[in-house]
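This report goes through a single protein chain, from its overall make-up to individual side chains. The sequence and coordinates come first.

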Amino acid sequence: IAPIFTRLEQGVIGEDGALRIGPKVVSSTTIDFAKMDSAEKLSEKWTITNNYGNKLEIALGKRDGKSGLLVTRRDQPNTLDDTCFFMGSKSFAVAHGGRFRLSIGVCSDLNLDQVTYRGWGESRPNFIMWMDENDNDVKQEFITLPRVRSDRASENVITGDVPPNAAKAYIQLGADAPNLRSWNFILYTHVDFECTEGGG
């Protein structure tokens, strides 16, 4: 039996080839950067928590006709190349023991599959942080963004199981490497999360 997970429901394909729909989605959150039109709307669901040396501009914007949350290098002559940032969603409810699907839309001229790099004791990886009902960390699940192109936004999809003792989660995005230089950019278009009800 092969498990599948669609945008709407979890299901399985039986040995006879028939699709049997499973539990419905019971928790979801959507952060559509491309459709946001103000910093106030952004701050309702998203927080920029670190911008090393204030070297980066991180704000809603456009790049080559595409809209989203744009990360670019500020004009800072005679400063070190080193950049680092991380930011994340506000916490949201999840159904413990269910299945989840996370979709991240991104466009960049950098190789973002390197974001779990750890150098000089620093790290700003992409991850899902699972928490219990009392906001205690349960599990940190690292994620990477291997599908990245500079000419259009690509969808990176991560699926898996919600930890059995998780009741909440938040999503962090960021990079300690590679460094952004004056010509580089990262454009996030959306972050979508949904999960099904647990198995009991």
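## Contacts around Ser 108

Two residues are in contact when heavy atoms of theirs lie within 4.5 Å. By that criterion, and leaving aside neighbours within four places in sequence, Ser 108 is in contact with Val 148, Arg 149, Ser 150, Phe 185 and Ile 186. The model is a predicted one, and the values below are computed from it.

Ser 108 belongs to strand S9. Its relative accessibility is 3%, so the residue counts as buried, the limit for that class being under 20%. A polar atom of the Ser 108 side chain lies 3.0 Å from the backbone nitrogen of Leu 110.

## Overall make-up

The protein chain contains 1 helix and 14 strands. Of its 200 residues, 48% are buried. The accessible surface of the chain is about 10300 Å², and carbon and sulfur atoms account for 48% of that area.

Among contacts with a separation of 6 or more, 75% are between residues 24 or more positions apart.

## Nonpolar core

Which residues of the largest nonpolar core touch the most other members? They are Phe 85, Leu 102 and Tyr 188, in a core of 38 residues. Two or more residues each come from S5, S6, S7, S9, strand S10 (126-131), strand S13 (168-175) and strand S14 (185-196). The largest contribution is that of S14, which gives 5 residues. In soluble globular proteins, nonpolar side chains tend to be buried together.

The surroundings of Leu 102 can be listed in detail. With neighbours up to four places away in sequence set aside, Leu 102 is in contact with Ile 128, Ile 143, Asn 156, Val 157, Ile 158, Ile 171, Val 191, Asp 192 and Phe 193. The list includes the polar residue Asn 156 and the acidic residue Asp 192.

## Salt bridges

The whole structure has 7 salt bridges. Side chains of opposite charge can pair when their charged atoms come close.

In one of them, the side chains of Arg 74 and Glu 57 meet with an N to O distance of 2.6 Å. Arg 74 lies in the loop between strand S6 (66-73) and strand S7 (85-89), while Glu 57 is in strand S5 (residues 56-63), so this pair ties together parts that are 17 residues apart in sequence. Arg 74 has a relative accessible area of 30% and is partly exposed. Glu 57 is partly exposed too, at 35%.

Another salt bridge joins Glu 155 and Arg 101, whose closest N and O atoms are 3.7 Å apart. Because Glu 155 is in strand S12 (residues 154-161) and Arg 101 in strand S9 (residues 99-108), the pair ties together parts that are 54 residues apart in sequence. Glu 155 is partly exposed at 36% relative accessibility, whereas Arg 101 is buried, with a relative accessible area of 10%.

A further salt bridge is formed by Arg 149 and Asp 151, with 2.6 Å between the closest N and O atoms. Arg 149 counts as partly exposed at 37% relative accessibility. Asp 151 is also partly exposed, with a relative accessible area of 44%.

## The loop residue Lys 90

Where in the chain is Lys 90 found? Lys 90 sits in the loop between S7 and strand S8 (92-93). Is Lys 90 buried or partly exposed? With a relative accessible area of 36%, Lys 90 is partly exposed.

Not counting residues up to four places away in sequence, Lys 90 touches Ser 43, Glu 44, Lys 45, Trp 46, Thr 47, Ala 169 and Tyr 170. The side chain of Lys 90 reaches the backbone oxygen of Ser 43 at 2.8 Å. Tyr 170 is 80 residues away from Lys 90 along the chain, yet their C-alpha atoms are separated by 6.0 Å.

## Cysteines

How many disulfides does the structure hold? The count is 0. Cys 84 is buried, at 5% relative accessibility. Cys 195 is likewise buried, with a relative accessible area of 0%.

Technical notes:
Residues are numbered from 1 along each chain as its sequence is written. This is a predicted model: local features need pLDDT of at least 70, side-chain atom pairs count only at pLDDT 80 or more; totals for chains, interfaces and linings use all residues. Side-chain values use heavy atoms; hydrogens and water are left out. Helices (H or I, at least four residues) and strands (E, at least two) are DSSP runs, numbered from the N terminus. Buried means under 20% relative accessible area, exposed over 50%, partly exposed in between (1.4 Å probe, protein chains only). Accessible areas come from the Shrake-Rupley method with a 1.4 Å probe; for residues, only the protein chains shown count as cover. A disulfide is a pair of cysteine sulfur atoms within 2.5 Å. A salt bridge is a side-chain nitrogen of Lys or Arg within 4 Å of a carboxyl oxygen of Asp or Glu. A polar contact is a pair of N or O atoms within 3.5 Å; within protein, one must be able to donate a hydrogen and the other to accept it, and residues adjacent in sequence count only if both atoms are side-chain atoms. A nonpolar core is a set of buried Ala, Val, Leu, Ile, Met, Phe, Trp, Tyr and Cys residues joined through side-chain atoms within 4.5 Å.
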